[in-house]
Amino acid sequence: MRSSGSVVAIVPARAGSKGIPGKNLRAVAGRSLVRRAVEAAVGAVTIDAVVVSTDGDAIAAEAVAAGARVVHRPEDLAGDGASSESALLHVLDQLAAEGAEPEVVVFLQATSPFIDPTDLDTAVARVRSGAADSVFAAAPSHAFLWRIDPDGSARAVNHDAAVRPRRQDREPEFRETGAFTVFRTTGFRQHRHRFHGRVELVVVDGRGAVDIDDPSDLALATALAPQLDQLAARDLHDQHDQHDQRDQHDQRAATVPPVPAPNGAP
């Protein structure tokens, strides 16, 4: 990993989980959640290194096997009350002590099993270019949201209950998926929060916007995996074909002598 200007993906994956015991090692279509997160980060061309923060030996072994480095998280940062930010800062402090603090952090959640590496690259590019300080994953939403007031009555949140506009007539809204957030390290250290400065979003495919919190989410992801994994593999194959075609075109162009233009210019 480069000492400056680098991009590091961090995957917090603690061993304890009440909703699904051993959640981060649970498999979706034969691959554990932590492996899926690591492999998504490894597949992004803009990410230089992947670090998994965990307090579990089994998770650490799985992370290393998938291609990540492991930073062992202390017990006081691994409880139910510990924030994701505290785990991220712990990893950054470890890297800084080694003289390898990154310019950009890609915070990945292993509970999102269908992260597209190209979405990660898009978010990293926005942050590295200076266009945004923080970029997160979001899926389109057309839901009419309601809130229950203390007296038990329902109140419209994002719409006028007396007006029911057609879907195409509504202003677009987006649901944060929790899959990833990309941000500058300096801003994160200053604000101690992932959303700082100019915040943008990357619109991801809503079909794979599954956040696994309970067994029903895991069952849904398992049912979706055969189709979504096949689509992801096809997209990756197409990208490789396009890359090979560009390389072949460049090689042919390099062997063809330039033809003068009609005005004599090369």
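1. The largest nonpolar core holds 48 residues, and those with the most contacts inside it are Ile 47, Val 52, Val 106, Leu 108 and Phe 180. A nonpolar core here is a set of buried Ala, Val, Leu, Ile, Met, Phe, Trp, Tyr and Cys residues joined through side-chain atoms within 4.5 Å, where buried means under 20% relative accessible area with a 1.4 Å probe and protein chains only. Helix H1 (residues 33-42) gives the most to this core, with six residues; helices are DSSP runs of H or I of at least four residues, strands are E runs of at least two, and both are numbered from the N terminus.

2. This is a predicted model, in which local features need pLDDT of at least 70 and side-chain atom pairs count only at pLDDT 80 or more, while totals for chains, interfaces and linings use all residues. Residues are numbered from 1 along each chain as its sequence is written, and side-chain values use heavy atoms, with hydrogens and water left out.

3. Apart from neighbours within four places in sequence, Ile 47 is in contact (heavy atoms within 4.5 Å) with Val 7, Ala 9, Ala 41, Val 106 and Leu 120. A second, separate core of 14 residues includes Val 8, Val 71, Leu 92 and Val 105.

4. By class, the lining of the largest pocket has 16 nonpolar, seven polar and 11 charged residues, with Ala, Val, Leu, Ile, Met, Phe, Trp, Tyr, Cys and Pro counted as nonpolar, Asp, Glu, Lys and Arg as charged, and the others, Gly among them, as polar. A pocket is an open set of points on a 1 Å grid over the protein atoms alone, where a 1.4 Å probe fits, with protein on both sides within 12 Å along at least five of seven lines, and lining residues have an atom within 4 Å of a point.

Conventions
Buried < 20%, exposed > 50% of the residue type's maximum accessible area, 1.4 Å probe, protein only.
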